[in-house]
Amino acid sequence: MPASRAVLFFAGWAALLAQPRAPFNESIRRGDLEADLSFLASDSLRGRLTGTAEYLTAARFLEARFRRLGLQPLGESFFHTFSLTYSRLQPGNRLQVKRGEALRTEAGLSEDFYPLFFSPSAEARGPVVFAGYGIRAPQLEWDDLGGNGMDQRLALILGGEPGAEDPRSRFDGLVTSIHADPLRKALALQEHGAAGVLIVNPADSANGVRRFAGGARGYWPEKPPHLERYALSAWAERLHIPVAQISPALAQSLLGSRRLADVVKQAEKAPWTPSLLPGAEIDLRVRLSRHVIEDRNVVAKIEGADPALKQESILVTAHYDHNGAEDGQIYNGADDNGSGTVGLLEIAEAYALAAQQGQRPRRSLVFVAWGSEERCCGPLLGAWAWTENPPWPLDKTVAVLNMDMIGRDEEVPENRGPRFHGLSPQTAASNANAVNVLGFSFNAALAEAARHANRAADLLLRFRYENNKSNLLRRSDHWVFLQAGVPALWFHTGLHPDYHTPNDRPERIRYDKAEKVARLVHQLSWDLANRTEPLGKARRTVMPDVD
Ligand SMILES: [Zn+2]
């Protein structure tokens with residue numbers, strides 16, 4: 001390192017070391033975390049499921065606490081509201097394949113096709129164009145929709161994304177990227193002039209016809225599912241063309257002499273040029289009833305002290321929803337994510353106490369309890385609703401610090417099963433003082449700031465799972481902000497055998513550890529709110545090694 005840079009380097013460290021301990025950091029106490037969690041994760045809140053009375057009770061509790069702490073709302077209310085859409089299958093869904101004048105074959109509902117939950121009730125008729133994965137991602141130099149537009153024909157596309165098993169894939173390596181989302185694909189195809197969309201999953205083709213029919217019947221069960229499928233209404237309302245999943249057998253019949261497996265291989269390698277499939281026309285009709293519910297994030301702020309910098313914010317966040325109760329069993333969600341939610345309350349309180357003493361950070365702090373993080377499909381609905389219509393401008397958001405599961409020790413059993421897909425076996429004892437930090441590969445300066453803030457908390461920070469088959473990187477709300485270019489970190493003590501089971505209960509939480517993590521996040525948020533050097537944007541320049 002040249003001398004001049006070395007001097008700057010040490011000067012930078014001296015400035016960092018001079019940063020004071022965040023005021024009232026010690027006010028974040030395990031006893032307070034436990035008291036709040038004993039309510040939020042109690043049986044009486046019945047697992048805080050989206051759309052239930054108990055979920056609303058949790059939101060009102062958080063609102064009341066923000067208010068009592070003397071925090072301010074963003075705008076009129078502590079609630080940032082948004083709408084979710086869900087659907088029910090109605091009579092009249094139909095898919096016909098027409099070859100020549102006389103020959104019409106009827107595809108069986110739940111045998112060869114089924115409408116996707118976010119599809120509008122709509123019809124499409126015409127020839128079919130195959131468009132590879134149906135992905136338009138110019139920033140990644142990938143476009144399957146090139147050329148002249150779909151010209152009101154139906155698009156047949158592959159589900160997922162190319163290179164799903166390739167750690168060096170431009171589509172987020174082993175992590176499933178945003179571009180695999182079927183609703184996003186359908187909107188892009190609509191914009192490109194498609195009259196309707198048919199999706200075939202390449203994995204279904206590998207596993208045979210029977211597997212498709214089994215999955216298809218489960219997709220629209222007779223009895224409404226315990227965990228409803230929701231789409232952000234703002235997105236669903238934009239879609240006007242019908243979208244259906246089809247079987248590999250039906251896709252093969254549309255492809256004619258080209259084998260589906262060969263087409264998949266080719267579409268993996270390079271962007272597809274849309275090609276007309278001769279000989280067949282499709283008549284698709286989707287009939288679903290749509291229902292809308294209101295949902296909410298709970299939001300509060302502490303205004304910064306610097307007249308100019310207070311326009312910028314640090315977001316401290318945690319989702320408050322979980323998976324409800326079913327068949328007499330309550331999914332309390334104490335770790336997931338009662339723990340992060342009560343951590344959020346303690347951090348907000350530390351800022352409120354400091355403000356009462358006239359100690360405010362230079363930038364503003366925004367505290368967000370996300371709604372509907374857990375809800376399929378895709379999840380993170382509260383965070384998506386935020387970026388869709390940001391209550392605080394994204395370009396004035398310096399960083400997002402997200403807590404989701406901060407109260408246990410990561411434990412991956414030897415015979416780990418699908419829940420732990422992609423993770424190596426490890427004992428709880430080996431992670432007793434550890435917390436995973438995800439999102440670090442998108443902004444090196446933020447990762448460094450986290451290391452520095454840890455000097456008092458003295459946790460073992462594990463920077464891992466950034467390019468991992470578990471898909472952990474995209475499994476909490478910070479991920480939405482990374483997609484928008486906002487630097488974000490997720491603090492996460494890891495999966496364990498009680499994850500998403502009725503055993504995720506408050507008495508199993510390590511409150512001493514949750515206290516340490518919340519103090520770390522508080523310290524980091526304070527450091528960032530007072531920071532002089534710019535952090536810059538979130539961008540993955542180098543794909544991290546598989547971990
Ligand atoms: Zn969670």
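1. Start with Phe24: phenylalanine 24 is buried, as 21 other C-beta atoms lie within 10 Å. (Buried means 20 or more other C-beta atoms within 10 Å of a residue's own, exposed means 12 or fewer, and partly exposed is in between, with C-beta atoms placed from the backbone.) Phenylalanine 24 sits in the loop between α1 (3-18) and α2 (30-40). Helices (H or I, at least four residues) and strands (E, at least two) are DSSP runs, numbered from the N terminus. Phenylalanine 24 also has a positive phi of about 65°, although it is not a glycine.

2. A word on what you are looking at. This is a predicted model, where local features need pLDDT of at least 70 and side-chain atom pairs count only at pLDDT 80 or more, while totals for chains, interfaces and linings use all residues. Residues are numbered from 1 along each chain as its sequence is written.

3. Two other backbone spots deserve a look. Most residues other than glycine have a negative phi, and most peptide bonds are trans. Asparagine 471 has a positive phi near 65° and lies in the loop between β20 and α13 (478-483). With 15 C-beta neighbours inside 10 Å, asparagine 471 counts as partly exposed. Then there is the cis peptide bond that joins aspartate 336 and asparagine 337, with omega about -5°. Asparagine 337 belongs to helix α10 (residues 334-356).

4. On to the domains. The domain assignment gives domain 1 (21-85 + 292-530) and domain 2 (91-286); such bounds come from an automatic or database assignment. Their C-alpha centres lie 35 Å apart. In domain 1, 25 residues are in contact with 17 residues of domain 2, where contact means C-beta atoms, placed from the backbone, within 7 Å. On the domain 1 side, β1 (79-89) and α11 (381-388) are the elements that give two or more residues. By class, that side has nine nonpolar, 11 polar and five charged residues. (Ala, Val, Leu, Ile, Met, Phe, Trp, Tyr, Cys and Pro count as nonpolar, Asp, Glu, Lys and Arg as charged, and the others, Gly among them, as polar.)

5. Now the largest nonpolar core, which has 150 residues; Leu154, Ala155, Leu156, Val197, Ala244, Leu489 and Val521 touch the most other members. Both domain 1 and domain 2 give residues to this core, so it lies between them. (A nonpolar core is a set of buried Ala, Val, Leu, Ile, Met, Phe, Trp, Tyr and Cys residues joined through C-beta atoms within 7 Å.) Alanine 155 touches Val129, Ala131, Gly134, Met150, Leu189, Ala194 and Val197, leaving out residues up to four places away in sequence.

6. Which residues does leucine 446 touch? Leaving out residues up to four places away in sequence, they are Ala399, Pro487, Leu489 and Leu535. Leucine 446 is in helix α12 (residues 444-457) and is buried, with 23 other C-beta atoms within 10 Å. Compare its position with alanine 261: leucine 446 and alanine 261 are 185 residues apart in sequence and 43 Å apart in space, C-alpha to C-alpha.

7. The nine-strand sheet is open, with mixed pairing and the order β10-β1-β13-β17-β14-β18-β21-β19-β20. Its edge strands, β10 (231-232) and β20 (460-463), each pair on one side only. (Strands pair if DSSP finds at least two bridges between them.) Inside this order, β14 (residues 313-319) and β18 (residues 397-403) pair in the parallel sense over five bridges. Isoleucine 314 has alanine 399 of β18 as its bridge partner.

8. Strand β2 (residues 94-99) pairs antiparallel with β12 (residues 275-286) over five bridges, and leucine 95 stands opposite leucine 284 in β12. Five bridges also join β2 to β3 (residues 103-107), again antiparallel. Lysine 98 has arginine 104 in β3 as its bridge partner. The hairpin of β2 and β3 has three residues between the strands, and glycine 100 there takes a positive phi near 70°.

9. Proline 115, in strand β4 (residues 113-115), counts as buried with 26 C-beta neighbours inside 10 Å. Proline 115 touches Asn93, Pro242, Val243, Ala244, Val286 and Leu288, leaving out residues up to four places away in sequence. Proline 115 and asparagine 93 are 22 residues apart in sequence and 7.8 Å apart in space, C-alpha to C-alpha.

10. Last, helix α14 (residues 511-530). At 1.5 Å a residue, its 20 residues should span 28 Å, and the end C-alpha atoms are 28 Å apart, which agrees. (The expected span is 1.5 Å times one less than the number of residues.) Helix α14 is mostly covered, with 16 of its 20 residues buried.

Key
Contact = placed C-beta atoms within 7 Å.
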